[in-house]
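Subject: Structure handover

Hello,

Here is the structure I promised to pass on. Please open it first, then read the notes below.

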Amino acid sequence: MCRIGCIKSIEPFHPSKALYLMLPQQEGHDNSGFAIVMKDLYGIFEPYKELPLLSFSCTNKGKEIISNFMLKKGFSKKIFTWEPDFVEKEHYDFAKMDFYGFDVFNYPESILKGSVKEKEEILLNTRLELRKLLEKTADGYVFSFWPDTLTIKEIGNPNDIGEYFNLWKENKDILAKNIMIQYRQNTNYEIVRYAAHPFFLQGYTLCANGENTFYVKNKEYQQSLHKGYIGFESDSQCFLYTLHYLHHELKWPFAYYKHVITPLPFEEIEEHPDKQILYKIRESLAHLEINGPNTVIGLLPDNTMFTVCDSKKLRPVVVGADNKIVAITSEVNGLNVILPDRDKTKDVYPNERETVVVTNELRIERWKQI
Amino acid sequence: MEANIKINDITENDLNWKVEYDNTRCTRCGRCISTCTFHALEMKVERRAYTVSDTKVPAPKRVFSTIPVVKQIATIKQKCVGCGMCEKVCPNQAIKPVRNIDTRENLLNHELGSPIKRGGRTNLSIERTLDRIKVGRISQMTDPSLDAQRHTFDMLSPFGRVLGPEELPFKIENDELKIKGSIPPVHWIYPIIFADMSIGALSTRAWEAICIATAILNEKYNMPVRMCSGEGGMPIKLMQSKYLKYMILQIASGHFGWNRIIKAMPQMTEDPAGILIKIGQGAKPGDGGLLMAAKVARHIQEIRGVPRSDLLSPPNHQGLYSIEESVQKMFLSFNAAFQFRVPVAIKVAASSSSVSVYNNLLRDPYHIVGGFFLDGIQGGTGAAHEVSLDHTGHPVVSKVRDAYIAAVNQGKQGRIPLWGGGGVGLTGTMAADAFKMICLGANGVFTGKILIQLLGCIGNENGRCNQCNTGLCPTGVTTQDYRLVQRLDIDKAAETLVNYMLSVDTEFRKLMAPIGNSSLPVGRSDALVSVDKGIADKLQIPYAC
Ligand code: SF4
Ligand code: SF4
């Protein structure tokens with residue numbers, strides 16, 4: 001089972017906190033991967049909040065492909081590049097790539113005055129095209145291309161990966177207010193970089209553990225819904241796509257996410273004041289239901305953090321907080337490391353019928369499905 | 001040598017079934033003869049020779065005597081059909097039908113110059129695809145299997161036109177979705193429908209037994225099983241009762257019974273569960289309904305509003321310009337007749353062309369089609385030409401899969417619920433068959449033959465009985481003869497059906513639990529494997545051996 005977590009803080013913090021959140025949860029892990037997504041960036045990225053940041057890893061040849069491609073797409077102006085303070089060591093237990101890139105670009109002239117929607121479109125298209133291009137020769141991976149968002153994904157021992165990127169040592173350069181992290185990737189399928197959650201699509205970030213037993217149904221339905229719903233290297237990607245589809249495409253309020261992925265049993269729908277709507281959702285989006293054991297942790301584009309569980313509550317998750325930080329993670333021992341002095345009686349163990357939502361003001365809300 | 005035989009005369013040895021009779025056990029009670037509805041037996045006398053000695057010192061002598069015996073009548077008209085009723089009633093096990101492998105019956109039974117008609121099922125395609133598919137994906141570690149006894153399972157399927165999310169008339173008010181506009185009706189029902197068998201094809205008792213079972217399953221066991229009336233209408237009293245809500249009314253190309261249904265509408269206190277427009281039937285595709293005059297008893301004439309005669313439904317719905325238009329008109333008028341509260345579905349025979357039909361319906365902009373019922377070759381029928389029964393038709397399993405995949409390719413899976421039938425549950429394994437069909441993409445299944453078998457029908461796919469067209473059904477299931485109908489114990493029959501469905505329901509959970517699902521795994525083809533490479537490839541599921 002993957003161990004997943006997400007930290008939201010009033011003040012910007014360093015990713016080492018996320019690594020410490022995961023460290024005690026490592027028991028039984030198989031060193032199959034690590035991934036981290038940071039949103040609402042500070043430190044060296046703070047001046048570039050409005051501009052898209054491309055996170056990728058590639059071979060030396062890939063580097064060239066990417067820079068040619070970005071030029072061609074009109075992203076000619078690289079405004080800023082983060083070069084991690086790599087810690088070289090004799091032996092690392094992970095699949096190191098030749099190059100890791102974190103580049104902030106200016107928007108192309110042609111789109112500068114465009115609407116938000118147009119900009120969103122161009123960022124997505126660029127990432128998808130780039131991914132396709134790199135896939136041809138297996139020369140690289142592009143994880144996110146979005147303002148104020150940074151992603152690292154690698155295959156191997158998470159602690160080593162953290163060390164190589166020098167993420168264990170706190171500094172003031174790399175900071176964010178939201179960091180989502182996963183130790184160990186989805187091992188049911190081939191171990192590939194894209195299979196490591198958190199996944200990212202147009203501002204939505206999500207990680208999950210467990211197994212999506214309706215993966216085939218979800219996937220068969222999603223692949224015709226949106227050009228961004230691709231890959232499916234992990235069955236958990238389906239949760240992200242469903243979230244994006246209903247919130248971004250259908251523009252339904254987020255509260256309905258839970259009703260879509262884990263609809264109430266018919267008997268309970270019958271008793272629900274909103275029963276007509278719930279029946280229609282269940283009918284119409286039957287193929288987006290999930291029916292296995294899962295915990296989902298996500299961030300909406302506005303950085304609202306949330307967690308939901310499967311309808312039988314077959315996976316653990318806990319929410320802990322102090323005045324400045326709220327963290328959601330698989331196991332409580334992680335919380336005890338980063339928030340040792342919190343009021344543990346206020347920890348929230350979400351149940352199968354609720355969505356726990358954490359606002360940017362760190363208000364923890366428990367939305368009931370019934 | 002002088003011929004002492006006319007080889008063109010028919011003898012027992014030319015027929016499919018020979019009656020084996022033991023003169024020494026028989027007490028001449030005559031029950032077998034009076035029971036045989038096909039008049040295949042008669043009482044005869046035979047001359048027998050015995051050697052006896054009736055003196056103190058043995059002095060054997062030959063005597064002749066004439067004894068009564070039961071004899072099989074060796075004619076095509078009165079041939080034995082192997083129903084076994086004589087064996088059932090004989091108190092001394094003196095008589096039974098035996099299958100004759102040297103039969104020439106199929107060459108001889110054209111003696112009236114007309115094609116053979118019979119009821120029952122296809123007798124030439126008995127291999128079953130579903131038996132070569134296993135539920136091969138078992139939850140074990142990353143996802144736990146469920147407990148069939150402990151967990152709750154959501155076993156309902158949609159009947160009615162499902163709108164895509166982008167088509168739903170939703171508006172957002174105060175962060176809540178609200179419905180602003182009309183939406184086609186959808187009912188959530190049990191994933192197994194009691195298929196369309198008419199009163200007329202079935203005896204009144206058999207039909208009533210299925211009605212009673214339906215009502216009990218709904219009212220007592222909370223299983224929302226729906227029953228389809230079949231063509232030809234139904235009793236007025238039932239149409240006026242609250243139980244109408246469990247019935248799907250059928251209209252077929254003969255439109256029999258519809259005048260009564262329409263007349264009864266003002267008195268209906270409940271809406272029916274749905275309307276099913278039958279275009280074709282899997283057991284005899286391209287052939288219309290056929291109710292032989294022998295079965296058009298008085299009450300059938302009344303229900304259907306017709307005189308006693310052979311009742312033939314045309315092979316298709318007659319439209320002025322095209323069948324599409326005529327079917328569309330029917331859809332519209334039935335939707336309108338019930339003011340868009342009752343879903344209207346269509347049933348077609350599985351065929352190489354069914355996917356095109358489904359694709360067409362999925363693209364229909366009016367959202368008028370509330371279900372697509374695909375009926376395969378292994379279904380049964382009350383009457384058809386033998387050539388149709390045995391040689392026309394298409395297996396349903398791959399067709400359901402094709403239709404589902406076609407919907408997936410359009411991104412419209414689930415919009416028109418897909419129901420498959422025709423041999424589902426054929427061997428008694430209803431739960432497993434239905435489950436596999438659902439994993440392949442069906443929303444549910446419909447079934448008829450297993451029901452009549454549960455009621456008491458003894459026919460089978462190997463040519464036993466299948467005389468449903470004759471009005472002589474020996475079990476009272478498909479006859480209108482008052483005396484024969486008495487053979488069917490209506491309460492027992494209904495109870496058998498109810499018990500069967502209860503066990504199917506439990507078995508269903510026993511299949512859902514190991515794959516870790518609490519709601520129906522529609523389209524979860526990953527849960528299946530096939531032990532046959534051809535089947536695996538065709539259905540796009542893994543091959544395993
Ligand atoms: S098996 Fe049936 S048809 Fe044959 S003789 Fe017996 S009762 Fe008659
Ligand atoms: S027993 Fe009746 S219903 Fe069954 S095959 Fe024979 S005639 Fe048909």
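Two residues are in contact when heavy atoms lie within 4.5 Å. Keep that in mind for the notes on single residues. Note also that this is a predicted model.

**B:Arg226**

By that rule, B:Arg226 touches B:Ile189, B:Ile193, B:Phe194, B:Asn218, B:Lys245, B:Tyr246, B:Ile248 and B:Ala273, leaving aside residues up to four places away in sequence. B:Arg226 sits in a loop of chain B, between α4 (204-219) and β12 (227-228). Is this arginine, B:Arg226, buried or exposed? Its relative accessibility is 12%, so B:Arg226 counts as buried. The cut-off for buried is under 20%. B:Thr55 is 171 residues from B:Arg226 in sequence, and their C-alpha atoms are 76 Å apart.

**A:Leu150**

A:Leu150 belongs to strand β7 (residues 149-154) of chain A. With 0% relative accessibility, A:Leu150 counts as buried. Its contacts, again without residues up to four places away in sequence, are A:Ile36, A:Val37, A:Met38, A:Leu41, A:Phe45, A:Leu53, A:Ser55, A:Trp82, A:Phe102 and A:Ser144. A:Asn60 is 90 residues from A:Leu150 in sequence and 21 Å from it in space, C-alpha to C-alpha.

**Helix α3 of chain A**

This helix covers residues 116-137.

Buried residues in α3(A) are A:Lys119, A:Glu120, A:Leu123, A:Leu124, A:Thr126, A:Arg127, A:Leu128, A:Leu130, A:Arg131 and A:Leu134. Their cover includes these elements of chain A: β3 (52-58), α2 (60-72), β6 (140-147), β9 (199-201) and α6 (237-249). Just after the helix, A:Ala138 takes a positive phi of about 55°.

**The ligands**

Around ligand 1 you will find B:Val19, B:Cys36, B:Phe38, B:Leu41, B:Cys80, B:Val81, B:Gly82, B:Cys83, B:Gly84, B:Met85, B:Cys86 and B:Pro97. That shell has ten nonpolar residues, two polar and no charged ones.

The shell of ligand 2 is B:Arg121, B:Cys457, B:Ile458, B:Gly459, B:Cys465, B:Asn466, B:Gln467, B:Cys468, B:Cys473, B:Pro474, B:Thr475 and B:Thr478.

The largest pocket has a volume of about 1300 Å³. It is lined by 39 residues, and the closest to its centre are B:Lys79, B:Asn109, B:Ile116, B:Lys117 and B:Gln467. Which elements of chain B each supply at least two residues of this lining? They are α3 (105-108), β5 (117-121) and α10 (386-391). The most comes from α10(B), with four residues. The lining has 15 nonpolar, 15 polar and nine charged residues.

The second largest pocket has a volume of about 1000 Å³. Of its 34 lining residues, the closest to its centre are A:Phe266, B:Leu156, B:Trp188, B:Asn222 and B:Pro224. Two or more residues of this lining come from each of α8 (266-271) of chain A and β10 (186-189) and α15 (490-512) of chain B. The classes here are 18 nonpolar, four polar and twelve charged.

Best wishes

Notes:
Residues numbered from 1 in each chain as written. Chains lettered and ligands numbered in written order. Predicted model: local features only at pLDDT ≥ 70, side-chain atom pairs only at ≥ 80, totals over all residues. Heavy atoms only, no water. Near = heavy atom within 4 Å. Expected span 1.5 Å × (residues − 1). Buried < 20%, exposed > 50% of the residue type's maximum accessible area, 1.4 Å probe, protein only. 1 Å grid on protein atoms, 1.4 Å probe; cavity = no way out; pocket = protein on both sides within 12 Å on 5 of 7 lines; lining within 4 Å. Points joined across faces, edges and corners; volume = space filled by probe spheres on them. Nonpolar A, V, L, I, M, F, W, Y, C, P; charged D, E, K, R; others polar.
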